2 protein chains.
Amino acid sequence: MLAETQGNVLSDAIRNVQSEIDSLFDALLPVPDDTSARLIEAMRYAAIGGGKRVRPLLVCSTASLFGVSRDAALRAGAAIEAIHVYSLIHDDLPCMDNDDLRHGKPTLHKVYDEATAVLAGDALHALAFEILADDATSEDPFTRSELILTLGKASGMHGMAGGQMMDMVADEEGVEYDLHTITRLQQLKTGALLAASVEMGAILGKVAPQGRAHLRAYARDIGLAFQIADDLLDVEGDIEKAGKALRKDESQGKQTFVTLMGAEKAREQARALVDQAVLRLASYGSEADILRALARFIVERES
Amino acid sequence: MLAETQGNVLSDAIRNVQSEIDSLFDALLPVPDDTSARLIEAMRYAAIGGGKRVRPLLVCSTASLFGVSRDAALRAGAAIEAIHVYSLIHDDLPCMDNDDLRHGKPTLHKVYDEATAVLAGDALHALAFEILADDATSEDPFTRSELILTLGKASGMHGMAGGQMMDMVADEEGVEYDLHTITRLQQLKTGALLAASVEMGAILGKVAPQGRAHLRAYARDIGLAFQIADDLLDVEGDIEKAGKALRKDESQGKQTFVTLMGAEKAREQARALVDQAVLRLASYGSEADILRALARFIVERES
């Protein structure tokens, strides 16, 4: 019963963030009356109306622990989501993962073309930093710079892009990583941006770096659980519910948490990580319930 | 004789900036001891040892008018150059301009592969903002935010990326632009980043926005002259000296300043713009000589 209530609270929170992030992107991306319109239409296609918005929800839920305004948290969330969306657009390209389906609809390069997809990804990448640097917001410049540095590091060569390269090298050269290396790869590829989401919520809350240790630990745990769940989903998921291609790892002979540990052990490990993540939040009361429910949702999701 | 002396001063300035920017990228891009090494090696291949470094020189020469430290100006210059380099990598991709040669050597996707080129471009894009947001530098946070917003706007959908899309739509759909639209397209595609270079020099110099009008006008003039010179180079240039493919506009039936005005008129227009740019600097003495020489160089260059 408690679990069900928490689940309802979480699904309401997800629905709210989804609709708020959609509105924000809608406002940020008016279609101009010239031939650059196609660029903005393509950005809108990819950025609006899809995705679970896990990262913005992490920013908002963390920020709310410290009384940050909803507007400020949503803007930071939209910036991270812009990075996430750009990375999916580029990942889906024929020269990368060559995917045709994303969030249950055709990928961007299928609807437009590859050149438009490259450019729309690039423009969303720039938009993320435009959002954070905007001096019309209430954030002080010090906070703005800290947010930008956190997002730049998480998405660049020492974060997401570095992890993607490690992944690509394994695919192409058939390098077999051990569990330690897979963990590091995933911490970069997926974990860095999830961790940045929590970190940016705390930055908005003016929490000093040393006071963010338990939140960072929470983010690290759920980041790893998220990836294990993704690997399980690839093996066991329902393609209709997932809205993207599945069974890709096996067909590519890819090393994942599931191939290295087996599905049973991987599931146990994901659950243990979630329990640990929840324990990291012990100093908070019910105000952290969304973060707790989100940790559980991450391993139970079907898409 | 005076022209020759100015030319020597300029070539020394160019050589200095080239070597300083190379050193800075070298320091910013140490190759790690894991399989993400390929990403950083690819970034180094594209970012080090090529290019005229016009944008960093614009930042440094503008910043020096206001007594800004060389280090601060070079960092901002490296950030803009990282954006410029990432845009060249993505532009050269088969799905975009499909170019094999850049700065006299094979393009990145020829040396590595398309996926590495997409990712290296993305990581250089993130690096630009990491450089500007770095809180270990002497810049105050307000200046950092202003630099980031200026660069984000110049490179995103309302700047470079928007101009590239207008260009792409013309190529694909055979839209014929008039001179007014070509001018606007080029102001976005090439002009925005050149203008940002001058603007960021002034921001580092703590020049208030209203005090930057004549520098902005200088940047707008040389930006347009730069593009007209590029169009002339495409028609009349020496491929050995240019280090990239030429005669592309004509073979693609592309509308350019040269096709719209004729080579003679285009050359006159470029020179008139340079004269006008030099006049914008009338309130400065010899400290602005590099900016004046750079304006002349822009229409006389052979690459």
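Which residue of chain A does the side chain of Glu172(B) meet in a salt bridge? In this predicted model, the partner is Arg38(A), with 3.0 Å from N to O.

Stepping back to the interface as a whole, 52 residues of chain A are in contact with 52 residues of chain B. Put together, the chains bury about 4500 Å² between them, and 70% of that lies on carbon and sulfur atoms. On the polar side of things, 13 residue pairs are in polar contact across the interface, both residues being at pLDDT 80 or more. Which elements of chain A give two or more residues to the side that touches chain B? They are helix 2 (37-47), helix 4 (70-92), helix 6 (114-133), helix 7 (141-155) and helix 8 (160-173). Helix 6 of chain A gives the most, with 13 residues. Sorted by class, this side of chain A has 28 nonpolar, 11 polar and 13 charged residues.

Salt bridges turn up beyond the interface too, and a search of the whole structure finds 46 of them over all chains. One of them pairs Asp26(B) with Arg44(B), whose closest N and O atoms are 2.5 Å apart. Asp26(B) sits in helix 1 (residues 2-28) of chain B and Arg44(B) in helix 2 (residues 37-47) of chain B, so this pair ties together parts that are 18 residues apart in sequence. Asp26(B) counts as partly exposed, at 40% relative accessibility, and Arg44(B) also counts as partly exposed, at 21%.

Glu81(B) and Arg53(B) meet through their side chains at 3.1 Å, N to O. Asp134(B) counts as partly exposed, with 23% relative accessibility.

Helix 4 of chain B itself is mostly covered, with 19 of its 22 residues buried. At 1.5 Å a residue, those 22 residues (70-91) should span 32 Å, and the end C-alpha atoms are 31 Å apart, which agrees.

A few single residues round out the picture. Asp221(A) is found in helix 10 (residues 213-236) of chain A and is buried, its relative accessible area being 4%. Its side chain is joined to that of Arg280(A) by a polar contact of 2.9 Å. Leaving aside neighbours within four places in sequence, Asp221(A) is in contact with Leu273(A), Gln276(A), Ala277(A) and Arg280(A). Over in chain B, Thr183(B) lies in helix 9 (residues 179-204). Thr183(B) has a relative accessible area of 18%, under the 20% cut-off, so Thr183(B) is buried.

Terms used:
Residues numbered from 1 in each chain as written. Chains lettered and ligands numbered in written order. Heavy atoms only, no water. Contact = heavy atoms within 4.5 Å. Buried area = accessible area lost by both parts, 1.4 Å probe. Salt bridge = Lys/Arg side-chain N within 4 Å of Asp/Glu carboxyl O. Polar contact = N/O pair within 3.5 Å; in protein donor to acceptor, adjacent residues only side chain to side chain. Helix = DSSP H or I, 4+ residues; strand = E, 2+ residues; numbered from the N terminus. Nonpolar A, V, L, I, M, F, W, Y, C, P; charged D, E, K, R; others polar. Expected span 1.5 Å × (residues − 1). Buried < 20%, exposed > 50% of the residue type's maximum accessible area, 1.4 Å probe, protein only.
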